[in-house]
Amino acid sequence: MAISWYTPMPNTVACVLAAGKGTRMKSRMPKVLHGFGGRTLVGHVLHALQQTEVDQIQVVIGHGAEAVEASLSSQGVGIIYQHEQKGTGHAVQQVAPALQDFTGTLLVVNGDMPLITPQTIQQLLDRHHSEGAKASLVTARLADPTGYGRVFLKPDQSIERIVEHRDCTPNERLHPLVNAGIYCFDWQMLWPILKDLSNNNDQGEYYLTDVIAQLTPVFALEIRDEREILGVNNRLQLAEVAQIYHQRILQHWMLEGVTILDPRSTTIEDTVQLESDVVIEPQTHLRGSTVVRSGASLGPGSLIVDSEIGAESVVRYSVIERSRTGSQCAIGPYSHIRDGAVIGDNCRIGNFVEIKKSTLGNYTNSAHLSYLGDATLGERVNIGAGTITANYDGFRKHPTIIGKGTKTGSNSVLIAPITLGEDVNVGAGSVVTKDVPAGALVVARAKQVVKENWKPKHKTE
Ligand code: UD1
Ligand code: MG
């Protein structure tokens, strides 16, 4: 690998503001760590930014810095501390040491607007450059603009100034055009103004929005779908935004040929892959790297995380995590399949069956009340109701191997490590402690004793 001594100057640096406390969330956790859809609020913003042409991302953190920084550790972003949270303008001031000699565009994005799309960010960058503006920002017209900064335009449609909601006169509060919280600046033009910002406002904060009145021209990109710019400041807005997010994903899959019977009670993370003719019944949630093959039917009431569900399999009222099922399986109701379980084709896993880190061959069934852990089952095995693999001796986990065609009787306990050969029959109620050869019947329980006409002594005269 060639080692380069020359690191080109970035043209576009993104700065994400994520240092605020989020007082209105009334939470012990910093606002930007709240989330939905498998990402935090700031994680959603970063995910959008990572799909644009920005060269570098810096995240300004402060409130709850340790937790926020930990959540960003795998994101490949720079971290900048704002030790005291004195407003969005003050937050951007903290980026200056990282931008010495920088002559490009600074993109600033509030960390609390998780529905922003890469397309909008890229469009803002492109228009900022093609319009030759000193600054550009996204605006939207809201039916209820409460809480947002209001954007006032000049006759030529460039921006004159932004007034924060709490600093607006009653008349100004009727103004519907708002500031979304995403901006482009020519850094060399911004810095002289930013460094001298005043905090002469209702909150005594340094507002980034105050730089706008001192820059000309400022280009406004008015967004059509105003839902994209919704900011999350309280839990009501968090729920609204989460719902819009999930509906976006569900609409995508419905148009791709997936049936979703009750979109209001279904959530699918954007990392999930679905094939056509999948049917999703109410109260079903698909997360992480889950893949669902064609014709599978999921739900009602199921949670599937980082798992693959085979074609035409049916999963009812069950939880499947980090596992794989083959095609044409019937899972549930109330099955729990987890941590590396691999289920073959045409298997039936029934009520109150837990399967952990086990492999099941094709046509193998475990229909009721069982635990299979660290087990390898061949094809056409039948696990009787209440069979348990006792895999843990208090210190270590041990394997169980069950050969093809074997049948375990109800309530049998297989003490691992243990191997049952092919076509073994285990008598009901057995506690099997030693390996069993192929073709054998094993019965390991006390013999039945019957004493006819027997009465306890104290009842005899
Ligand atoms: C801000 C804008 C407002 C806009 C709205 C859009 C300002 C002054 N106002 O208001 O015009 O309509 O967003 O949602 O910018 N933050 C810091 N450090 C701080 C303060 C805030 O990093 O000292 C971060 C917060 O973590 C948050 C973002 O900046 O992610 C915005 O802060 P917030 O307090 O939510 O501003 P708004 O009142 O929503
Ligand atoms: Mg906000």
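Let's start at Ser 335, which sits in strand S25, spanning residues 335-338. Keep in mind that this is a predicted model. Ser 335 has 4% relative accessibility, so it counts as buried, the cut-off being under 20%. What does its side chain reach? One backbone oxygen, that of Gly 350, is at 2.8 Å, and the backbone oxygen of Ile 349 is at 3.3 Å. Ile 349 and Gly 350 also turn up among the residues that Ser 335 touches beyond four places in sequence, along with Tyr 317, Ser 318, Val 319 and Val 353.

Now for the metal. The magnesium ion (ligand 2) is coordinated by Asp 112 through OD and Asn 233 through OD1, at 2.2 to 2.4 Å. These two residues are 121 residues apart and link distant parts of the chain: Asp 112 belongs to the loop between strand S6 (105-110) and helix H4 (118-131), while Asn 233 belongs to the loop between strand S11 (218-222) and helix H6 (235-255). Asp 112 counts as buried because its relative accessibility is 11%, and Asn 233 does too, at 16%.

Take Ile 182: leaving out neighbours within four places in sequence, its contacts include Leu 107, Val 109, Met 113, Ile 121 and Leu 124.

Conventions: Residues numbered from 1 in each chain as written. Chains lettered and ligands numbered in written order. Predicted model: local features only at pLDDT ≥ 70, side-chain atom pairs only at ≥ 80, totals over all residues. Heavy atoms only, no water. Helix = DSSP H or I, 4+ residues; strand = E, 2+ residues; numbered from the N terminus. Buried < 20%, exposed > 50% of the residue type's maximum accessible area, 1.4 Å probe, protein only. Polar contact = N/O pair within 3.5 Å; in protein donor to acceptor, adjacent residues only side chain to side chain. Contact = heavy atoms within 4.5 Å. Donors = N, O, S within 2.8 Å, 3.2 Å for Na, K, Ca; no water.
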